[in-house]
Amino acid sequence: MNDDIMDDVLNPQTSEVTSEVIKTNSDITNDTKYKPGVGVDVGTSNIVVARQLEDGTFVNRFHRDMLYPLDASEEAIDLLERSDYLYVKVNDKYYIVGEDALRLVNAIGKGEIVRPMKDGIMNPSLKESSELLFYIIKAVVGDPIAEGETLRFSVPANPIDRDLNNLFHQMVLQNFFTQLGYNAKPVNEAMAIAYDCNPIAKTDEGNLPLTGVSISFGGGMTNIALSLKGLDLHSFSITKSGDYIDEQTSIVTGSPKSKIIKKKEKELDLGSFDMSDRVLTALSIYYDEVINRVIFNMSKEFKNRDSEIDGEIEIVVAGGTSMPKGFCQKFEQNIKTSNFPFKVYRVRHSESPFYSVSQGACIRAQADHQKQN
Amino acid sequence: MSDYRKSSKKNTNKPIDNLDLEALARLVAQEVSKNINTTTINPSKKEIQEELKFDPTSSLKQLADNMVVQRGNKQSNFSDLGGVKETKKDKNTTDQTIDILKDLED
């Protein structure tokens, strides 16, 4: 590693990537009064943990679910000693965790970030994925505030476009949280968004709460649920989502994925972008494809099931992949020109799209707590 | 099928130490989970009906238990992780949702 690169690595302020940390954990004091019940969004790209204060405020702790592997060489040890990067060492490898992983790969310019999760479940191609994930989850979630505190963790529905059953993934996570001392149960990822955003259906009998379609555009998957008064009528997932957009854009433009992610998060506006910029153009095209694929499959699934809700429904949208400007407008435009089987009076973006799954899971965990007490 | 032994050397007589439990658990889970039927069954197919009698959940549970067995040497330089973001939410709306949800079964 040459000195210039080493400077970049050791002085992240001079690097192009900036951290998005809003508060440090030390700002959360032991006096903070949380309501019992914690929600965890175990996503492909991020792990987000939500707790709620007595005044209704949600406190979300988030961690980017990324790793940068380094062989345990003298050079690596030197780098780690001279920096404040957070890492886990498993066997003969160091794994730099979180935002640091992205910062490091951008600064070094070689290697690729790896993830303990892939397509919504534990990454089968990363041998140490469960150990790394357990380590990370433990550090982000922390201890229960009371013995056997209720916890809900998000799980994807089984995908309709891949032969995959998530039961095993769900059981492993349940064991993780039980070992940490929680009374843990899974919650469907898209239903968690319904609990957070409360879609309203307008019917002849009046407004129905928790009724409509909720969609979580995650990194590995898009999760969709049709709900009626809080009941999950039909839920499923589609595997091509944010990661697919990044990978395809990387292939057609020849840019590394880490650069694509940075550009997507900092510059992309789906309503207006510079057509001469190949990366932004490719991102926009693949976003359009993912949106249209979701609308096509939703229409097919709901028609096949003869799902019926009288009146007009609301669609609520959240998830990290829905963050670029113009996403919701694009989704609403495309659904208006589709054969979607329900009357839709509005497509609503979550007020906090990145935190909606964890907040919804937290709401469900609080309901569990009240029920058991 | 990928190797579940760490070493590809032949004639090793220490199978337990060398087993990569996690990889093995994954492979078995992959196979077992294929037998969990989540679709509508045609009752005229006897063999499918018989398969329904077998519930592989307990096998999956045992495999899942195995996944959190701590293996190898590990160390980290952190005890907690993550940035924090607060979002304001109307307390009444949340409470109304909780009231609906606490009456629902899983």
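The pLDDT of chain A averages 87, and 92% of its residues reach at least 70. Residues 1–26 of chain A have a pLDDT below 50. Where pLDDT is low, predicted coordinates should not be read in detail.

At the interface, 59 residues of chain A are in contact with 45 residues of chain B. On the chain B side, the elements that contribute two or more residues are the helices α2 (21–33), α4 (57–67) and α5 (91–101), together with the strands β1 (74–76) and β2 (83–87). Of these, α5(B) gives the most, with 7 residues. By residue class, the side of chain B that touches chain A comprises 16 charged, 15 nonpolar and 14 polar residues.

The two chains are also joined by strand pairing: β3 of chain A (residues 58–64) and β2(B) run antiparallel over 5 bridges. Within β2(B), Lys85(B) stands opposite Asn60(A).

In chain A, helix α10 (residues 327–336) has Phe327(A), Phe331(A) and Ile335(A) as its buried residues. Viewed down the axis of α10(A), these buried residues fall within an arc of 60° and therefore line one face of the helix. An α-helix has 3.6 residues a turn, so residues three or four places apart point the same way. The buried residues of α10(A) are covered by elements of chain A including helix α9 (278–304) and the strands β16 (312–318) and β17 (343–349).

Methods. Residues numbered from 1 in each chain as written. Chains lettered and ligands numbered in written order. Predicted model: local features only at pLDDT ≥ 70, side-chain atom pairs only at ≥ 80, totals over all residues. pLDDT = per-residue confidence, 0-100. Contact = placed C-beta atoms within 7 Å. Helix = DSSP H or I, 4+ residues; strand = E, 2+ residues; numbered from the N terminus. Nonpolar A, V, L, I, M, F, W, Y, C, P; charged D, E, K, R; others polar. Pairing = 2+ DSSP bridges. Buried ≥ 20, exposed ≤ 12 C-beta atoms within 10 Å, placed from the backbone. Arc of directions from axis to C-beta.
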